[in-house]
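Student: Can we go through this model piece by piece? I'd like to start with one residue and its contacts.

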Amino acid sequence: LVAFVGLGVRDSELYKIAAVHVDLDASRVYVVGKKTSRADRHVPLRPELHDMMRERMTASPTSPLFPKWLNVRRDLAAGCKMAGILPVSPNDLRRTFASWLAEAGVPDITTAQLLGHASSAMVRRVYARIGDDARRRAMASLPPLPTPALRSESPPVTTKNAERPAAVKKPRRGSSRGRR
């Protein structure tokens, strides 16, 4: 789970990562892209991923660092049910990666490159979803708005245009309503 969210990889890309793809000195991993040759990319490692990769490289120096998770969707759904949250897929974890980058103010093109996309269009359209906390922080970052000064000679409030109760419709003449 940490690798899915921390690298922003597709599940098929995660299962291809081997020790030869990890450069601990540069603190990055080479991801072999799935869809096009442009999807191949280097992803910097966060400190917690750096340590995890070192441990996995020691345990599996010649095989993939992440064995194929055969029932990933079923297992994630079961884990989410136990946690009392809506089910997620590996691609939802990829979207989480992109959303966190968007909320941190990372440019769309940078997020696109980290995800292995050629342009930022897909990031804007699909991946980068902004949460409520990020929207609140964005609004809080705006400069204060001027407060309008109250004028003492303001005109009195009139009820000329005030809302009136809806009129009760009377039956039309000749209508069969009420004739019985």
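Student: Leaving aside its neighbours within four places in sequence, what is Ser89 in contact with?

Tutor: Ser89 is in contact with Leu76 and Arg95, where contact means heavy atoms within 4.5 Å. The model is predicted, so local features need pLDDT of at least 70 and side-chain atom pairs count only at pLDDT 80 or more, while totals for chains, interfaces and linings use all residues. Residues are numbered from 1 along each chain as its sequence is written, and side-chain values use heavy atoms, with hydrogens and water left out.

Student: Where does Ser89 lie, and is Ser89 buried or exposed?

Tutor: Ser89 lies in the loop between H4 and H5. Ser89 counts as buried because its relative accessibility is 18%. Buried means under 20% relative accessible area, exposed over 50%, and partly exposed in between, with a 1.4 Å probe and protein chains only. The element names come from DSSP runs, numbered from the N terminus: helices are H or I with at least four residues, strands are E with at least two.

Student: Which residues of H4 are buried?

Tutor: Val72, Leu76 and Cys80. They sit on the same side of H4 because they cover an arc of only 65 degrees around the axis, the arc being that of the directions from the helix axis to the C-beta atoms.

Student: What do the buried residues of H4 pack against, and what does the face turned away carry?

Tutor: They pack against H1, helix H2 (11–14) and H5. The face turned away from the buried side carries the exposed residues Arg74, Lys81 and Met82.

Student: What span does H4 reach?

Tutor: H4 covers residues 72–83, 12 residues, and reaches 16 Å from its first C-alpha to its last, close to the 16 Å expected. The expected span is 1.5 Å times one less than the number of residues. Gly84 follows H4 and has a positive phi, near 75 degrees.

Student: Now H3. Which of its residues are buried?

Tutor: Leu49, His50, Met52, Met53 and Met57. Their arc around the axis is only 165 degrees, which puts them on the same side of H3. What covers them includes H1, strand E1 (22–23) and strand E2 (28–31). Pro47, Glu55, Thr58 and Ala59 are exposed on the face turned away.

Student: What lines the largest pocket?

Tutor: The lining includes Gly6, Glu48, Phe97 and Trp100. By class, the lining has nine nonpolar, one polar and two charged residues. Nonpolar covers Ala, Val, Leu, Ile, Met, Phe, Trp, Tyr, Cys and Pro, charged covers Asp, Glu, Lys and Arg, and the others, Gly among them, are polar.

Student: How far apart are Glu48 and Gly6?

Tutor: 42 residues in sequence and 8.9 Å in space, C-alpha to C-alpha. Glu48 is in helix H3 and counts as partly exposed, at 40% relative accessibility.

Student: And which element gives the most to the lining of the second largest pocket?

Tutor: H1, with three residues. That pocket holds about 160 Å³ of space, and its lining has 10 nonpolar, no polar and one charged residues.

Definitions and conventions
1 Å grid on protein atoms, 1.4 Å probe; cavity = no way out; pocket = protein on both sides within 12 Å on 5 of 7 lines; lining within 4 Å. Points joined across faces, edges and corners; volume = space filled by probe spheres on them.
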